[in-house]
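This report describes selected features of the structure shown below.

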Amino acid sequence: MPRKLPPKDVVIIGLGWTGSILGYELAKAGLDVVAIERGPWRDTATDFPPAYIQDELRYAVRLDLFLRPDQETLTFRNNVGEPALPIRSFVSFLPGNGVGGAGVHWNGQTWRFLPTDFRVRSQLEERYGKDALPADMTIQDWPVSYDELEPYYDRFEKLCGTSGKAGNIRGKKHAGGNPFEGWRSAEYPTPPLKQAYGPALFAEAARKTGHSPFPQPASNLSEAYVNPLGLKLGQCTYCGFCERFGCGNYSKASPQTCVLPALLRFPNFTAQTESEVTRINLDSTGKRATGVSYVDVSGEEWEQPASIVLVCAYALFNVRMLLLSGIGMPYDAQTGQGVVGRNYAYQTTSSVGVILKDKVLNPFIATGAHGMIIDDYNGDNFDHHGLGFVGGGYMGMGQPNSRPIQTRPVPAGTPKWGAQWKKATAETFNRAMSLSTHGSCYSYRDCFLDLDPTYKDRLGRPLMRMTFDFHDNELKMSAYLTDRLADIARALDPVEIATSPRKGPYTLNAYQTTHNTGGTVMGADPATSVLNRYCQSWDVHNVFVPGGASVFPQNHGYNPTDTVGALAYWTADAIKDRYLKNPGPLA
Amino acid sequence: MRLAFSALVGLAALTDAAIAQDLQSFDAIERGRYLAVLADCAPCHTAPGGQPFAGGLVLQTPFGNLATPNITPDRETGIGNWTDDEFVAALHDGRGRAGTRLYPAMPYPAYTKMTRDDVLDLRAYLATVTPVRNQVIANQLPFPLNIRLAMLFWNWLNFAPGGYEPNPQKSAEWNRGAYIVEGAAHCGTCHTPKTVLGGDKNDAPFSGATLQGWFAPSITANPRSGIGNWSKDDLVQYLKTGANDWTLAFGPMAEAVSHSTSKMIDGDIAAIAAYLKDSGAALATAEPAALAPDDKAMRAGAAIYKDSCAACHRDSGDGEANLFPRLSGSALVQSGDPTTLLRVVLQGSRAVSTSSRPTAPAMPAFDWRLDDAQVAAVLTYIRNNWGNAAPPISVGPVASERASLAMSP
């Protein structure tokens, strides 16, 4: 029998970005809040000190900060005709673990979706006709508009101190920024990062070929900054150890640098780490959650009663939590009925490798989100008539890192090891650039998440099963974007150019992105969504999934974190301003 | 240092020495609550995880351990049975009930400067806190120091009872600052060097002292060793928020800021700053010469600094305000006693979190990465670069600090 704890106003499952933002907002509003986190406590000076965090083997190769498959994993298959097998080593995507979640190990790319992304089905049908979309494509308009979300994007960027250059402030275009972006109420909190030589060369080539390059919005800070919570961040040192690492210099935005020190000052907030929530408990009607059950590090079971349950785990595990708790109808791919697990999507990435003649690029001068980007081929920024696909992505020259173990560019035909490989590495390292595209991945009827009928976790609960493959639309888009990028790369006068458009089938054996989206989709219609426009469960009104990427109806051509953060603030306001006054369905 | 006479249960001698003030007066209680902030009573009189003012925190003194007594109004184990006069005698004269002697870990040599009215207001407040039954064995000293009568002799040597005498040459603000610093706030308890017997060296007040494994730096107006380069506003910011353009409060001062100075009213903080900026400057010391940059330790230190320190403290040694302490021009960096420097490099340290500066950044530990010679070299370098000048650090003190930290986790 689990032991029952005194009730709380709010229980938060997972203390990453959304958990800490909601924790802060609701503790500040006076509620008694507990956050239950599966992984360990993590702190800058003790867990990511600059004296050893730049250990590529430990963190980037052996994945020290990430979830271990023996803690929790999922099974995978490309389609319903295949057997699903457990992922025994995370490679394609890397779920985080511990306090800070993915906010610890991200690169810092801080993108807003396009205004047209929020009404993607309407936009595409209006422009290209209803028949232009494949019959099995299940994309849908978001239940919120860009205009509604803009103030919340602004809040999250101010929380992070994001560095960048606005291209559109209240409808007025500004040179040097992204000419395609939605309107911003204000300039970025801090100016753009300084660009290294590689990105500067790319920008030159992009301009020469008629494009509009701009600095990538980055939450690795160009200068010291104090956020609205009073927390101070330092200036980025361009060490190039962002993704897969925590930041030891207080210069990458994360829950650790942007929220937690202020949150921990509230006496009405508690964090319970190394404790895994096993399910959300419902009352006898199934319409109201009574709290959660969890298992602590010693295997003890506890019941934490609460008036509000916030599901703030990683996107994939939000879906599993609802499936395991029986909240919402599970999606059935055969009938197309049900919603939980529906519209799982990913990201369609590709790259163009370039070796220049005689440049010295010093690519180790790097930071997670710096780089020069063009947005000419994202979303519906360009005319898709006759292209045979919809969607798009940003592309450019990021320079997130150039670490010695995993960055070994060599010309084609070089042996994989030995003296010649060493020689080629030494000759090529400073002349090689990796350009990339970061494309949308729309949703399809046959891409979904459900509970695996065979495999179970260490606690005896069914693993989640992922059924996913890239569709022709995405592969055509990737081929087109990669070609456009190669066109720009040719303007750099390279000695070698190698294009790698995304090819099917989707495989788990090479890193792509940790942008797993959908499964607890927000929407205007309970028949095609798990959550209403306030990220509130249609079925159990005191359960919210406040903005994790599992709420995305499909994935667009940008990194998810800015939208995740904006939706977290959006949900926090809905709870504070509306739900607390009158608990019940908000839509 | 012992207020409560925990053993004397039953001698409930309400000797009714005329309750001079109305203990129920809200004004008195409120003044007393603030005086408890000024005097920073709670941190010492609260054990880790314990009830406020219920005592039990073990203080490590050079002479042995003392546990702080219970000063809640519990009648048996606290001070609920004390008369006002007994309370005043404890704070003013270091006398416990029935005339026993307190140990000066209780800063009665400072509290003696407080007015009787202030002490009684403090008493009024302490009478309102939740009584907690908590028996504390305060005296854990070795023989013969455990004989409280020994303090008679100590007092004769080291203790000058008597209230604060205002200096008519100075402003009212200065005098208020002096009253707080020398009295309730008992700054000298940490910052004034001690004699062999643990008494204040009264010829060098506030010029820095080592206790409990930390060097409490000079807070005189001396520009090199003290806070002479800080503006009055720098000092105000430091006391109010725990951080300023120079440094952040850490170690025991983090506790003082957290519990006491950050909760003081602005006028009192300004008064403290006015007084400290205008006292003790006379102790000018000879300007030491900086080591030559081509000195062997300096060259090694420069390389280690670049590798391990510059990412945060910068090549310029300027750090980042409110985040990474400035090393250039820092008095602590150039202090004669390197205890704190050694400790911070070896063990790391977290800055205070206050409501206005909640970040609480921390310095990581380097004990696992730098050996004694490397620690000595990098400290020698930061003490003699960017215009800093201070004697080099040798390997010996690093080794002994490492050993001492290993003994007291």
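## The six-stranded sheet of chain A

In chain A, six strands form an open sheet with antiparallel pairing, in the order E8-E17-E18-E19-E16-E22. Helices (H or I, at least four residues) and strands (E, at least two) are DSSP runs numbered from the N terminus, and two strands pair if DSSP finds at least two bridges between them. Strand E8 (214-215) and E22 of chain A are at the edges with a single partner strand each, so one side of each has no neighbour in the sheet. The model is predicted: local features need pLDDT of at least 70 and side-chain atom pairs count only at pLDDT 80 or more, while totals for chains, interfaces and linings use all residues. Residues are numbered from 1 along each chain as its sequence is written, and chains are lettered from A and ligands numbered from 1 in the order in which they are written.

Strand E16 (residues 348-355) of chain A has seven of its eight residues buried, that is, with 20 or more other C-beta atoms within 10 Å of their own, these atoms being placed from the backbone. E16(A) runs antiparallel to strand E19 (residues 432-439) of chain A, to which eight bridges join it; A:Gly353 has A:Ser434 as its bridge partner there. Five bridges join E16(A) to the antiparallel strand E22 (residues 496-500) of chain A, where A:Ile355 is partnered by A:Glu496.

## The largest nonpolar core

A nonpolar core is a set of buried Ala, Val, Leu, Ile, Met, Phe, Trp, Tyr and Cys residues joined through C-beta atoms within 7 Å. The largest one has 271 residues, and those with the most contacts inside it include A:Leu310 and B:Val378. Helix H13 (residues 561-579) of chain A gives the most to this core, with ten residues.

## Where the chains meet

Chain B contributes 22 residues to the contact and chain A contributes 18 residues, a contact being two residues whose C-beta atoms, placed from the backbone, lie within 7 Å. On the side of chain B, helix H13 (310-313) and strand E7 (362-363) of chain B are the elements that give two or more residues.

## Two helices of chain B

Helix H3 (residues 84-93) and helix H5 (residues 116-126), both of chain B, pack at an angle of about 115° with their axes 10 Å apart. Axes are lines fitted to C-alpha atoms, for helices over the stretch in contact, and angles run from 0 to 180 degrees between N-to-C directions. Among the residues making this contact are B:Phe87 of H3(B) and B:Leu120 of H5(B).

Technical notes:
A residue is buried if 20 or more other C-beta atoms lie within 10 Å of its own, exposed if 12 or fewer, and partly exposed in between; C-beta atoms are placed from the backbone.
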